[in-house]
Amino acid sequence: MNSVRAGLPTSLGCSRNRASSDGAYPELDRRANSSQPRQYAVARWLGFADEPFSSYGHKLPMRLAMLPSPESAAAFAAIFDTAGSFGSRAQHFCLAGIALFDQPSASLFAPHTTPARSIFDLSILVMVICGAIFVLVAGLLVFTLIRYRHRRGYTVREPAQIYGSTQVELSWTVIPILIVVVLFLATARVIFVTENAPKPASALDVVVIGHQYWWEFRYPKLGIVTANELHVPVSDPAQPTPTYLTMSSADTDHSFWVPRLGGKMDVLPNKVNTLWLDPDTAGLYLGQCAQYCGTQHAKMLLRVYADSPAAFASWVAEQHKPARQAPEGAEGRAVFQSNACVNCHTISGTSAAGRFGPDLSHVASRTTIASGAVRLNEENLHAFIDDPAHFKPGALMPAMHLNDHDLNAVTQYLMTLH
Amino acid sequence: MATQTQSTPDTGRNAALGRGVFDVLQEWITTVDHKRIGLLYIGYALVFLIVAGVEAILMRIQLVVPHNTFVSPQVFNRLFTMHGTTMVFFVGMPILFGFGNYLVPLMIGARDMAFPRLNAFSFWISAFGGVLLYFSYFAGSGLYGAGTAPDVGWFAYAPLTARVFSPGHSTDYWTLSIFLSGIGSIGTALNIVATTLCMRCPGMKLSRLPLLVWLYVVTSFLVFVAVSPLTAAQIMLLVDRYLGGHFFDTQAGGSAVLWMHFFWIFGHPEVYVLVLPAFAFANEIIPVFSRKAIFGYPAMVSASVAIGFISLSVWAHHMFTVGMGPGPNAFFTFATMVISVPTGIKIFNWLATLWGGNIHFTTPMIFSIAFLFQFLIAGLTGIILSVSPFDWQLGNSYFVVAHFHYVLVGAILFMIFAAFYYWYPKFTGRMLSDTLGKWHFWLFLIGFHLTFDFMHVPGMLGMPRRIYTYEADRGWTVWNVIVSSGALFQAVAVAIFAYNLVVSYFKGEKSGPDPWDAWTLEWSTSSPPPSYNFATIPTVESRRPLWDLKHPEEPDSYYE
C-alpha cells in the first residue's frame, strides 16, 4: 500500500484488493471477516453495506448485465480477481489503467466514523418508528377500504353520517405529539454531540477549499497543499486523531460529502464551516460535491484515503519534499514555465505559483486527474492537457493547443512529479 | 360540434357555433368570467405540464446509464432548472389557482370573484411570466450568441446567479419570469381571500364553508406571506446584477446564505401552497365517494390553519448542511417534526371518513386513495428528512428528490388528476371516459412507483442530485434504469389522459348537473354553469346544502 503512495498509482486498484487478503491491511481484513453487526443482511444484499469483494459472487449476473463499457467489464474482472480466479488477467486489466472502477460503494449505511455511526444509529431508530407508523396506518386504510367497499345489493340509501368524535380526534393528536417529542430528543442529542464535540489537541487540521469543479486541500501545520485526494490518518478510539476540516469556497456553493465518513457540510464562499471525521478503518472512501456548483458539478468527485499512522507519516514526508526535478522532465518543465500553465498552477521550486488550478507539485502521486473523473496515466494526462473538455466539458481549464512536441514534454514532466 | 341539452347560451362551445375563430378568441382573451379564467389557467398549466414532463424524460434518458452522452452537461443543467421552475411556478401554481378560480365562487354561491378584472390581469401576467421563461431559449444570451435557458437550478443559489458565474441574460429571464408570476399569484390570492370573505351567499357562515374553500383561503394567506420575500429577493438579485449591489455577491462581502433564507422562507410555504389545494380536493372527493360527511370538520379547519402557520417556521430545514450550528438545527428539526401532527390529523380524519362508509371506487376516488397512501409515505420520508443529522447524509441526494416528488406527484398530481375526473363534468357537461381513466390510473400508478419508490435508493447509496452523469462503480446504475423505465409508463399514462380530455369533450357521456350525487353548491347549477352561475342566489343552512335538499327528513343543519 505504501508503494502506491510512493508512486505506483497504476497498480492501486489491484494492490488494494490484494492487500485485503494478504495481511497488509489487517484492519480491513478484520472488518471484512467479522460479522459486521451494524449491517443488516437485507442491506448487504441490496448493496447498501460495503463488503469484501469476494462476496459479490451472487450478484454478478445482475452486475454483468449492467455493465455498459469495456472499462466496466474490466472492473468486473477486477472484482473477480479478489475472488481468486482470473488473477493475472484481472491484473493485466488493472495495469492497463482501468481499475478505477473497483471501488467500494458510497452507501451511508456503512459508517466508518463516529459521526457517521451516530447518524446511522439514529436513522435506524427513525426508520423503525416511521415503518411502524406506515404499517399501522396503511394497514388500517387497506382494512377500511375492503371492509367498507360498496357492494352490490347495498340497500340502505346512505350510510350513517358521523360528523366527528372529540375523544378519537384528541387521541390521534396526542399520540403523534408524544412520538414527535421522542424523535426530537433523540435527534437533538446527536446534533449537539456531533456539532459541539470538543476538538482534541491531537486533531489534524485541513483547510478545504471548493473550486469550480475541484477540491483544494491545505494542511497548514504540515505545509502541504494537494488537490482532490484527501489523505487523513485513521483515528484510534484510544488515542483519537480526528481530522478537522475547515471549509470555504473560492467561487460558488459546494458541499463536501463522503457518505461513509459522515454527513455532508456545505462549502460556501464568504463563510467558514467545519466538519470532523475520525475514520476507524484504513481505505479509500468515495464521495462527491453535493451542492450544484455549475456545469461540471457531476465530476467534482472526492477521494478520501484513510491511512494507517505509518502510511500517513510516509505520505506526509513524500508530499513535504519539493517537486522533483528529474532530468527526463527538464524539457517539459521549460515548456510548462514558458506557457500560461504557471498562471493557474503551482509547482514548488519553479516559477509556477498560480492558485486558480490544482497544485501540481506532486500530481503524479495522485491516482486520478480532473477531480477524480479519470485515473492518472500518461495517456489520460496527455488527452486532458490537450483538451480538458475531452473528459470534463465545461471545465475551466482552457484547451492549451500545445504542439505535439510540447504536449508530450509537459505530459512526461508532470508524470515525474511523484 | 356536439349539441347541448342544457340551456347554456354563453359557454365557449356554444359561442363557437355561430361565430368565427377570432370572435371566440377575443371572448377568451378579454374574459373576466372566473370560470373561463379558471379554464385558461388550467389549459395553460397543462401545456407546461407536457413541456416540463418532456424535460423530465430527457433527463431520465440521460441518466439511464453511466457516462451517457445523450445530452451535454450544459443542456442537462438547463433541463433540470427549467423542469423545476416550470413545474412549480407554471404548472403547480396555475393549475391549482385555476381550480380555485373556477370552484371557489361556485361553492360559496357567488356569481364571480370579488375583482374580476384583477383576476384576468393576474392570469395574463402569470402567463406572460411563463412565456418569458421559455423565451430565454431564444434570447437568453442576448448578444453573446446562441440563446440559452437558465441553468442555475430552480432555487438558483447565490453566487451562481452573479454575473461573473452567469453571464448573458438567461438568469435575468428566470428572475423576471418568477417576479411576474409572483405578481399574478398575489393578485389571485388577494382575490380568493376577498371573494371568500365578502361574497358568500346568505347562510354561508365561515363555519359552513366547504373545506375546499377553507384550504384555498389558507393557501392564499400563505401566498401573501411567502411570495413577498421571493419577489424581494428577485429585486435584490437584479440590483446585484445590474446596479452594483452586493446582497449576494460573496466576492464583495455578500452572503450566499442570505439568498437561501430568502428563497426557502418562500420555498417551504410554497410546498404547502401546492399541497393544501390537493388536500382541498381530497376533502371534497373522499366524502362524496364514501357517502359520508367529512369526519371532524372543525379539526380539519384547525389543522389546515395550523399547517399554514407552522409552515412559516420550518424553512431552514432545507439548510441543515449550511453550517447554521446546533441551536438553529435543533429548532428547525422540532418545527418540522411538529408540522407532522396537524398533517397526521388530516390523514386520520380522511381515514375516519372512509370508515363506516359505502366506498365507491370511481376514477376520482381511486386517484384519491392512491393519494392517501402516497401522501402517507411522503409524510414519513419527510419526518426522516427532518431528523437533521440524517439529513446531513440525505440532503441534496436522490432521496430528497424522491421525497419531494412523492409529495408533488404522488400527492399533488394524483389529486389534480382526481379533480379533473371529478369536476370535468362540471366544466364541460360531459363525463371523462371511465375506461381511459382506469388505464390512465393504473399506468400512472405503476410508472409513479417504479420511478419514485426506487429513486430513494441511489440517494441512500450516495448519489447527489443534479449530476448529469455518474460513475459506473457506485452501484447506482440498476436503480437508475428502473427509475427511468417508470418515466415511460407515466408518459403513456399522461398521453392517455390528454386524449381523454379531448375525446370526452366531444363524445363523452352527458353528465347533467350532478353526476356524482354530491353535496356542495357547484352541483346545484347546470353543467357547465351559465356565466352568472346561479339564476337566483342560493341560501344555505349547513355545510352540505345539497344533502339537505336530498334528505329533507334528516338535514345536516340538525346536527351542526
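Reader: Where is B:Leu96 found?

Author: Happy to walk you through it. This is a predicted model, in which local features need pLDDT of at least 70 and side-chain atom pairs count only at pLDDT 80 or more, whereas totals for chains, interfaces and linings use all residues. Residues are numbered from 1 along each chain as its sequence is written, chains are lettered from A and ligands numbered from 1 in the order in which they are written, and side-chain values use heavy atoms, with hydrogens and water left out.

B:Leu96 is found in helix α4 of chain B. Helices (H or I, at least four residues) and strands (E, at least two) are DSSP runs, numbered from the N terminus. With a relative accessibility of 3%, B:Leu96 counts as buried; that word stands for under 20% relative accessible area, with exposed meaning over 50% and partly exposed lying in between (1.4 Å probe, protein chains only). Leaving out residues up to four places away in sequence, B:Leu96 touches B:Tyr216, B:Val273, B:Leu274, B:Pro277, B:Phe281, B:Ile412 and B:Ile416. Contact here means heavy atoms within 4.5 Å. Eleven residues along the chain from B:Leu96 comes B:Met107, and the C-alpha atoms of the two are separated by 16 Å.

Now to the aromatic rings. Rings of Phe, Tyr and Trp (its six-membered ring) pair if their centres lie within 6.5 Å; planes under 30 degrees apart count as stacked, over 60 as edge-to-face and the rest as tilted. Counted in this way, there are 76 aromatic pairs over all chains. One of them joins B:Phe99 to B:Phe427, a tilted pair with 5.7 Å from centre to centre and 40° between the planes. B:Phe99 lies in helix α4 (residues 73–107) of chain B and B:Phe427 in helix α14 (residues 398–428) of chain B, so this pair ties together parts that are 328 residues apart in sequence. B:Phe99 and B:Phe427 are both buried. Another pair, B:Tyr422 with B:Trp516, is stacked, at 6.0 Å centre to centre and 15° between the planes.

The charged end of B:Arg543 sits over the ring of B:Tyr297, 3.8 Å from its centre. B:Arg544 lies over the face of B:Trp519, 4.4 Å from the ring centre.

B:Arg544 leads on to B:Asp556, as the side chains of these two make a polar contact of 2.7 Å. A polar contact is a pair of N or O atoms within 3.5 Å; within protein, one must be able to donate a hydrogen and the other to accept it, and residues adjacent in sequence count only if both atoms are side-chain atoms. B:Asp556 is found in the segment after α18 of chain B and, at 1% relative accessibility, counts as buried. Its side chain also makes a polar contact of 2.5 Å with the side chain of A:Tyr163.

That brings us to the meeting of the two chains. In all, 95 residues of chain A are in contact with 107 residues of chain B. The two chains bury about 8600 Å² between them, 69% of it on carbon and sulfur atoms. In chain A, A:Tyr163, A:Trp172 and A:Tyr292 lose the most area to chain B, together 10% of what that side buries. Buried area is the accessible area (1.4 Å probe) that two parts lose on being put together, summed over both.

Between chain A and chain B the count is one salt bridge, a term for a side-chain nitrogen of Lys or Arg within 4 Å of a carboxyl oxygen of Asp or Glu. A:Glu158 forms a salt bridge with B:Arg291, with the closest N and O atoms 2.7 Å apart. There are also 33 residue pairs in polar contact between chain A and chain B (both at pLDDT 80 or more). Among the elements giving two or more residues to the side of chain A that touches chain B are α8 (114–147) and α9 (166–195), and α8(A) gives the most, with 16 residues.

How values were computed:
A charge sits over a ring if NZ of Lys or CZ of Arg is within 6 Å of the ring centre and within 35 degrees of the ring normal.
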